[in-house]
Amino acid sequence: MALEIVMPRLSDSMEEGTILQWLVAEGDSVEAGQPLVEVETDKATVTHEADAAGVVLALTVGEGASVPVGAPIALIGEPGEQLRATGSPEAAEAAVGARGSSGGPGPAPAATVGVRGSPATTGPAPRPGRAKASPLARRLAAERGIDLAGLAGSGPDGRVIRADVEHAAAANAHPAAVPRAPASGNGESRNGERSTGESGTGEAGTGEPSTGESGTGEAEVHELSRLQRTVARRMSESRATVPDIELRREVDMGEAAELRARLREVSDPPPSFNDFIVRAVALALREFPRVNGAYRDGTFETYPRVNVGIAVAAEDALMVPTIFDADTMRLAEITGAARTLASRVRDSTITPAELSGATFTVSNLGMYDVDSFSAVINQPQAAILTVGALRPRPVVDEGGAVVARPTVVLALACDHRILYGADGARFLGRVRELLERPLSLLV
């Protein structure tokens, strides 16, 4: 009997997923655990594996379609097995709707395919090979009609990234721009009447004849990915609903710099300054459980595990992978975990599980020469710590002399519904104490 493959729930917040690419075609034989399809969720791109061995009888959803969790996406059965309508009418309707949203005909739904003895021909054609490319690069290449197999990737291990596709597109032809409607005062109004208002970008402002376009020229519209839309929505919700306050402390990193120089001689890889900060934050969170909590509808929760999220810039996106139980890890273990997670984010192999479960977030823009910055709290977390550039700054020493010391500015944004100024100040003071006496971070 055919096994129905449904859109899996790959994270707690996942409501639907997008089929980026089928890795098999109808008629292919598959083994249990074999990569079946690439799915883009609200957190990451994940390769979903076959649940059982058999033959792919039908792919019921086309590439590019968004499918609700639990809706059927494929059927796997025995060779030559007669296909029958499977699943509820609601699920079948959801699959048909998702197939139609992909912008192409896509494969037929399983309920309408009933051919015995030969594989259906409505699914994706078998592919002899698959170029290594990021999901964004793959999507852009499809939009612009560029063959990924002909591109030399500049990403890790020859992976094709967005820049490679854009360079290829520029070499072939410029992408078409999407014209905007004429701006008020710079052409005709929507009802066809001439606008009487003057505009600095229209003929009254420049003396030049109106072209029927806005003064900015024709705009090229860039669609957000599912991940970018999710980040935009959550950040907007956080800014609109969280009454946050921000506290800043300048931290002398002189002793930490000296300790790191010694560790570089014996550690491979050596810890980064951000690893020192994550270790200090994890220890301080253990002492201040409310900072390691969350506000939820008139109550707040505190958690027994200290899971520190580290913000990582990905290709046109921001992801926050999690270092679980960071308070129990040695500095060297944090270093290894942070490097592994950052690498997995950048080569698009990070999993939803690794992007979930954080109880606190650290965001560092020091490598971009930013002194300090404000961050948006990653709900429902109670706070987020930002880290600026480590640089020599004037400091008054114990003797009253002004000397140059390597310092960093830490800023703590707190959800004031759960963390008051005094709470945040005590936590930030403890982080500073640990960093300025860094030998305690090695214990």
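Is Phe427 buried or exposed? Phe427 is buried, with a relative accessible area of 0%; buried means under 20% relative accessible area, exposed over 50%, and partly exposed in between (1.4 Å probe, protein chains only). The model is predicted: local features need pLDDT of at least 70, side-chain atom pairs count only at pLDDT 80 or more, and totals for chains, interfaces and linings use all residues. Residues are numbered from 1 along each chain as its sequence is written, and side-chain values use heavy atoms, with hydrogens and water left out.

**Aromatic pairs**

- Rings of Phe, Tyr and Trp (its six-membered ring) pair if their centres lie within 6.5 Å; planes under 30 degrees apart count as stacked, over 60 as edge-to-face and the rest as tilted.
- By this rule there are three aromatic pairs.
- The pair of Phe273 and Phe276 is tilted, because the ring centres are 6.4 Å apart and the planes stand at 40 degrees.
- Phe273 and Phe276 lie three residues apart in helix α7 (residues 273-287), and therefore about one helical turn separates them; helices (H or I, at least four residues) and strands (E, at least two) are DSSP runs, numbered from the N terminus.
- Phe273 is partly exposed, at 22% relative accessible area, whereas Phe276 is buried, at 0%.
- Phe288 and Phe427 form an edge-to-face pair, with 6.2 Å from centre to centre and 85 degrees between the planes.
- This pair links distant parts of the chain, 139 residues apart: Phe288 is in the loop between α7 and β10 (293-296), and Phe427 is in helix α9 (residues 421-436).
- Ring pairs also link Phe288, Phe360 and Phe427 into a cluster.

**A charge over a ring**

- The charged end of Arg260 sits over the ring of Phe273, 4.9 Å from its centre; this requires NZ of Lys or CZ of Arg within 6 Å of the ring centre and within 35 degrees of the ring normal.

**The open sheet**

- Four strands, in the order β1-β8-β6-β3, form an open sheet with antiparallel pairing; two strands pair if DSSP finds at least two bridges between them.
- β1 (3-6) and β3 (29-30) stand at the edges with a single partner strand each, so one side of each has no neighbour in the sheet.
- Strands β6 (residues 54-59) and β8 (residues 72-77) run antiparallel and are joined by four bridges.
- Ala58 has Leu75 in β8 as its bridge partner.

**Helix α5**

- The buried residues of α5 are Arg226, Leu227, Gln228, Thr230 and Ser238.
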